[in-house]
Amino acid sequence: MTPWLDPAQQRAWRALVEGAGRLLARVDRHLRDTHGLTLAEYEILVHLSEGHLHMSELAAQVSHSRARVTQTVDRMVRADLVVRSACPEDRRGVHASLTDKGRAVLEAAARDHVLEVRRLVVDVLSPDELTSVGAAMSKIRTAAVDPG
């Protein structure tokens, strides 16, 4: 027997799906309009700003499929935002790193991005609600990790 969602669960699920979808679309559009970056590109720049990463590590840290990460990094290499290099520990492995241009683009976009995140999320929730959302999404992220 299928354990159908009750009305309250259905409302919560729909709010999560619609809210997350609209939020990500708005943040993506804002980054595109103000800095010519997609949210996926911005997320990759943020991770690479913390140091070079093996492509498999980068794929594991972002919210996109490996194939999409590879395609996005390819595009970013062509735009001189990211550079790939051989991994000294793994002859078959590849590292990705920010270029100087990539770091400058990230620094230019970061302030506007944070202001938009504040406007859409932080400023509309109470501190307790923000803590609860963060804790809930952390649990959801863990449950949704692809085992493969």
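1. In what order do the three strands form the open sheet? The order is β1-β3-β2, and the pairing is antiparallel. This is a predicted model, so every point below concerns a prediction.

2. Sheet edges. β1 (53–54) and β2 (82–87) stand at the edges of the sheet. Each has a single partner strand, so one side of β1 and one side of β2 are left without a neighbour in the sheet. Strands of a sheet pair through backbone hydrogen bonds, in either a parallel or an antiparallel sense.

3. Overall layout. The protein chain holds six helices and three strands. Along the sequence they follow the pattern α-α-β-α-α-β-β-α-α. The C-alpha trace spans about 55 × 40 × 25 Å along its principal axes.

4. The β2–β3 pairing. β3 covers residues 90–98 and pairs with β2 in the antiparallel sense over six bridges. A hairpin of two residues joins β2 to β3. Val83 has Ser97 in β3 as its bridge partner. Arg84 stands opposite Ala96 in β3. Ser85 stands opposite His95 in β3.

5. The β1–β3 pairing. How many bridges join β1 to β3? There are two bridges, and the strands run antiparallel. Leu53 stands opposite Ala96 in β3. Ala96 is also the residue that Arg84 stands opposite.

6. Helix on sheet. α2 lies across β1, β2 and β3. The helix runs at about 105° to β3.

7. Helix on helix. Two packed helices are described by the angle between their axes and the distance between the axes. For α2 and α4, the axes come within 10 Å and cross at roughly 85°. The two helices are therefore roughly perpendicular to each other. On the α2 side the contact uses Ala40, Glu41, Ile44 and Leu45. On the α4 side it uses Arg68, Val69, Thr72, Val73, Arg75 and Met76. By class, the residues of this contact divide into six nonpolar, one polar and three charged.

8. The largest pocket. Its volume is about 1800 Å³. The lining counts 41 residues, and the closest to the pocket centre are Leu24, Glu43, Ser63, Met137 and Arg141. By class, the lining has 26 nonpolar, nine polar and six charged residues.

9. Where the lining comes from. Which helix gives the largest share of the lining of the largest pocket? It is α1, with nine residues. At least two lining residues come from each of α1 (7–35), α2 (39–49), α3 (55–61), α4 (66–78), α5 (100–120) and α6 (127–143).

10. Reading the elements together. β3 pairs with β2 over six bridges and with β1 over two.

Methods
Residues numbered from 1 in each chain as written. Predicted model: local features only at pLDDT ≥ 70, side-chain atom pairs only at ≥ 80, totals over all residues. Heavy atoms only, no water. 1 Å grid on protein atoms, 1.4 Å probe; cavity = no way out; pocket = protein on both sides within 12 Å on 5 of 7 lines; lining within 4 Å. Points joined across faces, edges and corners; volume = space filled by probe spheres on them. Helix = DSSP H or I, 4+ residues; strand = E, 2+ residues; numbered from the N terminus. Nonpolar A, V, L, I, M, F, W, Y, C, P; charged D, E, K, R; others polar. Pairing = 2+ DSSP bridges. Contact = heavy atoms within 4.5 Å. Axes fitted to C-alpha atoms, helices over the stretch in contact; angles between N-to-C directions. Parallel < 35°, antiparallel > 145°, perpendicular 65-115°, else oblique.
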